[in-house]
Amino acid sequence: MSDPIALVIGNRNYSSWSVRAWLAMKHSGLAFEEIFIPLDLPDTKAAIAKHSPSGLVPVLKVGDNIVWESMAIIETLAELAPDMKFWPEDFAARAMAKSVSAQMHAGFFRLRRDMPMDLRNNLPGQNHTEGALGDAAKITALWTACLERFGGTGPYLFGDWSAADMMYAPVVGRLRTFGVPTNDICENYMDAVLAHPDMAAWMVGAKAEPYVIGNP
Ligand SMILES: N[C@@H](CCC(=O)N[C@@H](CS)C(=O)NCC(=O)O)C(=O)O
């Protein structure tokens, strides 16, 4: 398919759903135009509405086709770039990768509410609500299970960098910003995610952004 591709995203520092789609876009290796809409400004909603049927970012545009929701964007990019591995080859690993990714997309609301992504900030000990820590404990238990069972061939949840890592990359940012203690296996995993070239590039952009939302 040679239709032009565009990805509409929000702020690199704050938009946790945008980073997932952007990591998938980069992983695809496909050429794309990036359309950036700064969030939380008076004209943000109108600007997003020009692209997005849901009123939210990210949005993927492939010619006249519009794809919204981060998981749908990741799956669409996996289809458009079939030679790039988005999911593990092994059936058992792929089944678990899809499950933990869907669980992230649908859940962990308390962590998302109480520890909003703020990549360039360092707020250890803050926002350690019971709910957020409970979600963090569930996530680190999931990571540990993936890493112990399937992570043997590389530093990521299923060895190689996969869609599951893209889905959890913003959680890595949150746990690091708010200094949530984990275990050695998860600390190593989080270091690897932050060192991934695409994630590192996103972090550089987050630090360079002039926009400030909320109480810095
Ligand atoms: N379930 C959606 C969530 C998308 C979402 O909540 N996006 C936020 C930014 S991270 C947004 O567009 N907010 C609109 C606004 O701030 O006006 C997905 O997976 O893509």
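Predicted model: local features only at pLDDT ≥ 70, side-chain atom pairs only at ≥ 80, totals over all residues.
User: How do I read the area buried between domain 1 and domain 2?

Analyst: Look at the total, then at the atoms behind it. Here the two domains bury about 1900 Å² between them. Carbon and sulfur atoms carry 68% of that area.

User: Which three residues supply more of the area that domain 1 buries against domain 2 than any other three?

Analyst: Asn13, Arg20 and Leu23. Together they supply 32% of the area on that side.

User: How many salt bridges cross the interface of domain 1 and domain 2?

Analyst: The rule finds 0. Polar contacts are another matter: 8 residue pairs make them between the two domains, counting pairs with both residues at pLDDT 80 or more.

User: What should I know about salt bridges in general?

Analyst: Side chains of opposite charge can pair when their charged atoms come close. A search of the whole structure finds 6 salt bridges.

User: Which side chain does arginine 12 meet in a salt bridge?

Analyst: Glutamate 34, at 2.8 Å from N to O. Arginine 12 sits in the loop between strand 1 (5-9) and helix 1, while glutamate 34 is in strand 2 (residues 33-36). The partners are 22 residues apart.

User: Is arginine 12 buried or exposed?

Analyst: Buried counts as under 20% relative accessible area. Arginine 12 has 13%, so it is buried. Glutamate 34, at 31%, is partly exposed.

User: What does the salt bridge of arginine 110 and aspartate 135 tie together?

Analyst: The closest N and O atoms of this pair are 2.9 Å apart. Arginine 110 lies in helix 5 (residues 109-114) and aspartate 135 in helix 6 (residues 130-150), so the pair ties together parts 25 residues apart in sequence. Aspartate 135 is buried at 3% relative accessibility, whereas arginine 110 is partly exposed at 32%.

User: Which residues are linked in a network of salt bridges?

Analyst: Arg176, Glu187 and Asp191. Arginine 176 is in helix 7 (residues 163-177) and glutamate 187 in helix 8 (residues 184-195). Both are partly exposed, at 28% for arginine 176 and 23% for glutamate 187.

Definitions and conventions:
Residues numbered from 1 in each chain as written. Heavy atoms only, no water. Buried area = accessible area lost by both parts, 1.4 Å probe. Salt bridge = Lys/Arg side-chain N within 4 Å of Asp/Glu carboxyl O. Polar contact = N/O pair within 3.5 Å; in protein donor to acceptor, adjacent residues only side chain to side chain. Helix = DSSP H or I, 4+ residues; strand = E, 2+ residues; numbered from the N terminus. Buried < 20%, exposed > 50% of the residue type's maximum accessible area, 1.4 Å probe, protein only.
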